[in-house]
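Visitor: I'm new here, and I'd like to see how the labels get decided. Could you walk me through it?

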Amino acid sequence: MPHSQTSAPRDSLAGVRLARGASPWLLPTVATAALSLVRARRSKGAAAVAVPVTALAAGMLWFFRDPERDIAQGRVISPADGVVQSIMPWKDGRTRVAIFMSPLNVHVNRAPLAGTVTSVEHIPGGFVPAFNKESENNERVVWHFDTELGDIEMIQIAGAVARRIVPYVPQGTKVEQGERIGLIRFGSRVDIYLPEGVETDVEVGQKTVAGVTRIDRG
């Protein structure tokens, strides 16, 4: 049976579950929106400003949402919400599944398998759009998990707008399948490498849901 995944305390605002690490972006935006709404009662000019500022605050709340999920069963589940951008065989026999995340997707990433985090490496780079081939040289965080399938590599890639990837767990942490492990701020991409012999059960253009969509064919 699927199980509901819980995590360490996260940010929250007005009862909305928000991603950990959202406060530095959300609090100033929401505070500015609230102030502009108060001033809008006294000034038409302030009212004109209040509309886009309030819309921005609402958009930020939507972007940083972090809903609970009933974690699916399967050997490998999707680490990200988004759309499968490509499925490529790799020279070492692995298969790379690239998932593009638009600003409308939930940007909290989850562990694709249960295991131990053996490496979390931040690599500086550029910020071209995540759907661009050159995005492979973008700023990224490379994860390695020791799992029942052996070493699993996952890469969080920043996009044109994203300027920070926020890992939630350090090297040496044991994680459950579907556990929250990090956040990418704004549009981005997540790649996962399936071991040799593990076939994919998704196709290019398919939507994925982190913790819910099964990636491999069992």
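What follows is a short chat about strands and their neighbours.

Guide: This is a predicted model, so to speak: local features need pLDDT of at least 70, side-chain atom pairs count only at pLDDT 80 or more, and totals for chains, interfaces and linings use all residues. Residues are numbered from 1 along each chain as its sequence is written, and side-chain values use heavy atoms, with hydrogens and water left out.

Visitor: How do you know that strand 9 and strand 10 pair?

Guide: Strands are DSSP runs of E, at least two residues, numbered from the N terminus. Two of them pair if DSSP finds at least two bridges between them. Strand 9 (residues 140–147) and strand 10 (residues 150–158) have 8 bridges, in the antiparallel sense, so they count as a pair. Val142, for instance, sits opposite Ile155 in strand 10.

Visitor: What makes strand 12 and strand 15 edge strands?

Guide: The open sheet has 8 strands in the order 12-8-9-10-14-6-5-15, with antiparallel pairing. Strand 12 (174–175) and strand 15 (207–208) each have a single partner strand, so one side of each lacks a neighbour in the sheet.

Visitor: Which strands pair with strand 14?

Guide: Strand 6 (residues 95–101) does, antiparallel over 7 bridges, with Arg96 partnered by Tyr193. Strand 10 also runs antiparallel to strand 14, joined by 6 bridges, and Gln156 stands opposite Val190 there.

Visitor: Why is strand 14 called largely enclosed?

Guide: Buried means under 20% relative accessible area (exposed is over 50%, partly exposed in between; 1.4 Å probe, protein chains only). In strand 14 (residues 188–194), 7 of the 7 residues are buried, so the rest of the structure largely encloses it. Ser188, Val190, Ile192 and Leu194 point one way, and Arg189, Asp191 and Tyr193 the other.

Technical notes: Helices (H or I, at least four residues) and strands (E, at least two) are DSSP runs, numbered from the N terminus.
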